[in-house]
Amino acid sequence: ESFLQGYLQTYGLKNLKNIAIGDRKSVTTDLLNYTKRYVSTDEFRKGYDSKRQSMKPREVTKKPRTEEQIRAKLIDETKKSIANLEKSLKTATGELVKIFQDSYDQQKKQLEEYQKPDNKIVRMTAQNEQITYQNQLDRYAEKMKTWEVDYPAESSKYIKRRLQEVLDATAGIDYNAELVERNNKKYFVKPEYEKKSSNWKMGFRAGKEVTETVRTFVSEWMKQ
């Protein structure tokens, strides 16, 4: 989960914090060796492939309509509207007669306009759909580039990127940084430390023995 999701999965590990006086370096190394073996298994690779596919951008499947398709649709809808108005006119009385008649006349004119080969609405609608389609294709191409970087086909490349994140997150930790307690919570005295990422602070809390063991192990792992 930690490798696939990009955060330290600690569920069920609450008792690890009690390893304070034992050989924390050996415990850390054992956990790292187990992790290294596990991410080389088919089980992990299958999990990664599943994650990778779930994050793949969706292809653009809806293509823009042609002018002929747009014109046919508009004509069909207008004819249906005219037919409905004709029915309404047969039963209309009083002021409704004029209202329906005006709508009928308007729809008849609109039908004539749609039937013209150079109708501006038809042409403009087709152009707008083409522009929208091209924009969607461009965005899809960009998303695919990002996806291929974030989720490479080879799981080993993905693992290596995660390992680099560990080194980046734990770089330059001042294990002797001073803390001050406020409202039963500890804060760094130096404001710049308080602004550090949660992973940097996690490395600080774990302590030099554990964190530097991790950094050394990960560095060697990446060389391999």
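I started with Lys-80: its relative accessible area is 51%, so it counts as exposed (buried is under 20%, exposed over 50%, partly exposed in between, with a 1.4 Å probe and protein chains only). This is a predicted model, where local features need pLDDT of at least 70, side-chain atom pairs count only at pLDDT 80 or more, and totals for chains, interfaces and linings use all residues. Residues are numbered from 1 along each chain as its sequence is written, and side-chain values use heavy atoms, leaving out hydrogens and water.

Which residue does Lys-80 form a salt bridge with? I found Asp-76, with the closest N and O atoms 3.4 Å apart (a salt bridge needs a side-chain nitrogen of Lys or Arg within 4 Å of a carboxyl oxygen of Asp or Glu). Both sit in helix H4, four residues apart, about one turn (helices are DSSP runs of H or I, at least four residues, numbered from the N terminus). Asp-76 is partly exposed at 37%.

Next I checked Glu-77 and Lys-73, which meet in a salt bridge at 3.7 Å, N to O. They are four residues apart in helix H4 (residues 67-91), so about one helical turn separates them. Glu-77 is partly exposed at 40%, and Lys-73 is partly exposed at 41%.

Then I moved to helix H5 (residues 95-115), where Asp-102 and Lys-98 are four residues apart. Their salt bridge comes out at 2.9 Å, N to O. Lys-98 is exposed at 56%, whereas Asp-102 is partly exposed at 38%.

Last, I noted the total: the structure holds twelve salt bridges. Arg-161, Arg-162 and Glu-165 are linked in a salt-bridge network.

Technical notes. Helices (H or I, at least four residues) and strands (E, at least two) are DSSP runs, numbered from the N terminus.
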